[in-house]
Amino acid sequence: MPQYRQFQYKAYQPVMSPYWYFDRWPYLKFMLREMSSIFVGWFAVVILLQLNALVSGPTAYANFQHWMATPPVFIVNILSFVFICFHAITWFMLVPRVVARQVLQRPSPDVLSAAPNFGIWLVASVVVALFALRVI
Amino acid sequence: MADTIILEVARFSPERDSQIGYQTFEVPLRSDWMVLDALNYIKDNIDGSLTFRWSCRMGICGSCGMMVNGVPKLTCETLIAQFAPGPVRIEPLEHFPVVKDLVIDMDVFLEKLQKVRPWIVRKDDRLPAREFLQTPAQLEAFHQYSLCINCMLCYAACPVFGLDQDFVGPAALALAERYNLDSRDQGAPERTDVLSQHDGIWDCTVVGECSTVCPKGVDPSLAIQQYKLTATKEWFKTWLLPWGNK
Amino acid sequence: MATLNRSNRPLPWMVFGVGGFLVAFFFPVHIFIYGIALPLGWLPTPSYRSTLELVHYPITRIYLGILLVMAFWHAAYRLRDTVCDAFAMRQVDTIVAAACFAFALAGSIATIVALWAVP
Ligand code: SF4
Ligand code: FES
């Protein structure tokens, strides 16, 4: 900054609105993606509660199952599902791309690096589902 | 197609104003006109005091960046007809101090740029006897990041920079990565000291808009995430392997 | 040793990254089954006994332990940035970070305690 100030221009300093993420859809999308963290925290707690109920006996577990079916909890769970799927998709599109470029040392096609993750996602879901539903 | 279009142009005079105001202009709507042509029409025919930067008008000098309907664009390669029937809002690049009308103060960016040492750093300063050789594969490793024209659109698109002016920001980080990946360069350790900081790469929350708005396909967002990976590898080397800290 | 000036973020970031993968791979199916499909009766509900049997397998407990602990830290890391960005409060980042990581720590301890309590 120059010492001489008399005719130094007075620039306009923009201020950012604290609600900047409503300005444009990509920013809102970013904020929604980040908000998935709330739902990750929520459902991690739900799994803990489930574990506790399971260990505490059949009545406690029945109560837990009943609680999961109450409308407010059910709605939050639906939201969690949507948000976390959104997290998963954005994550699978971005992270493998970064790793692939690091490994290959050159730009790599997005789709190719993202594809395996969707495969793993599917397999993992099926395996967990088979266990959870006691098919195996 | 209507034969005119309305432009709402941000005006700011450092002597008179404390806030940005908007002035509307009606300009001819021509299918081959860029937004910059419309602004030049205003300057030539309606109001000569309208101030904005431009030079090459072919998308390579990087000086004509402005917010067009809220999105950072190079105005010399943005067709105005796509916004018909209008109005089109033209504003100076976001998050930067405004000097006059559509002209921003780019010192903020230049300081950041300098900080990352965007040039080839060698351990000894002796001039090599001959030029450095580089294979096509070595060139490809950084080529994409070397396309940056310093137009600052990515800064205008970056909310992290808006929230935290100390953030080194997309283009500077991409250029740091450009030199780190260059086989001729030896400055990576010093750059990592500057960049593996909270206002360096770790401030980035991967909004990703820098890469979307970049007119040159530089993908600064990718560069930053890659850098995070590199910095993490370095960190683990330093703390887990006693001999890693060299 | 210039390297000592570097941020220690790589450690939480690594956990955030691995946690992000685990959450992405495994959370949707958990929520879908226990949160949506079973309450709606889309799928036959397995008996209490057979579900309890599930957590008796060491592999299930290891799986749940890793998944939940990583999920808590993943969520905390991201929640910290989200809170700071959503309310433009990067100035109080330290407090926000402390609160988020305290939540993750509490969650991790609760996870270990809960898994320990499995008979
Ligand atoms: S990275 Fe792209 S948007 Fe950013 S200054 Fe360089 S050319 Fe412009
Ligand atoms: S005038 Fe040079 S990039 Fe637009």
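**View 1. F132(B) is in contact with R122(B) and R184(B), leaving aside its neighbours within four places in sequence.** Contact here stands for heavy atoms within 4.5 Å. The model is predicted, so local features need pLDDT of at least 70 and side-chain atom pairs count only at pLDDT 80 or more, while totals for chains, interfaces and linings use all residues; side-chain values use heavy atoms, with hydrogens and water left out. Residues are numbered from 1 along each chain as its sequence is written, and chains are lettered from A and ligands numbered from 1 in the order in which they are written. F132(B) sits in the loop that runs between α2 (107-115) and α3 (136-143) of chain B, where helices (H or I, at least four residues) and strands (E, at least two) are DSSP runs numbered from the N terminus. With a relative accessible area of 34%, F132(B) is partly exposed, a class that falls between buried (under 20% relative accessible area) and exposed (over 50%), as found with a 1.4 Å probe and protein chains only. Between the C-alpha atoms of F132(B) and D193(B) there are 26 Å, these two residues being 61 residues apart along the chain.

**View 2. R117(B) has a positive phi, near 50 degrees, although this residue is not a glycine.** R117(B) belongs to the loop between α2 and α3 of chain B, the loop in which F132(B) also lies. Its relative accessible area is 30%, so R117(B) is classed as partly exposed.

**View 3. R57(B), a residue other than glycine, has a positive phi near 40 degrees.** This residue is placed in the loop between α1 (35-46) and β3 (65-68) of chain B. R57(B) counts as exposed because its relative accessible area is 55%.

View 4. Because its relative accessibility is 7%, P97(B) counts as buried. The C-alpha atoms of P97(B) and K73(B), which are 24 residues apart along the chain, are separated by 18 Å.

**View 5. Twelve positions of chain B are listed here around ligand 1, from C148(B) to P220(B).** A residue belongs to this surrounding shell if one of its heavy atoms lies within 4 Å of the ligand. The shell takes in C148(B), I149(B), N150(B), C151(B), M152(B), L153(B) and C154(B), together with A171(B), C214(B), P215(B), V218(B) and P220(B). By class, it has 11 nonpolar residues, 1 polar residue and no charged residues, with Ala, Val, Leu, Ile, Met, Phe, Trp, Tyr, Cys and Pro taken as nonpolar, Asp, Glu, Lys and Arg as charged, and the others, Gly among them, as polar.

**View 6. I31(C), in helix α1 (residues 10-40) of chain C, has contacts in chain A.** I31(C) counts as buried because its relative accessibility is 0%. Apart from neighbours within four places in sequence, I31(C) is in contact with F43(A), N77(A), S80(A), F81(A) and I84(A) of chain A and with I36(C) of chain C.

**View 7. T111(C) is placed in helix α4 (residues 93-116) of chain C.** With a relative accessible area of 0%, T111(C) is buried. Not counting residues up to four places away in sequence, T111(C) touches L48(A) in chain A and, in chain C, L64(C), G65(C), L68(C), V69(C) and F72(C).

**View 8. Chain B is shown whole, with 9 helices and 7 strands.** Its C-alpha trace spans about 70 × 40 × 30 Å along the principal axes, and 52% of its 246 residues count as buried. Among the contacts in chain B with a separation of 6 or more, 64% are accounted for by residues 24 or more positions apart.
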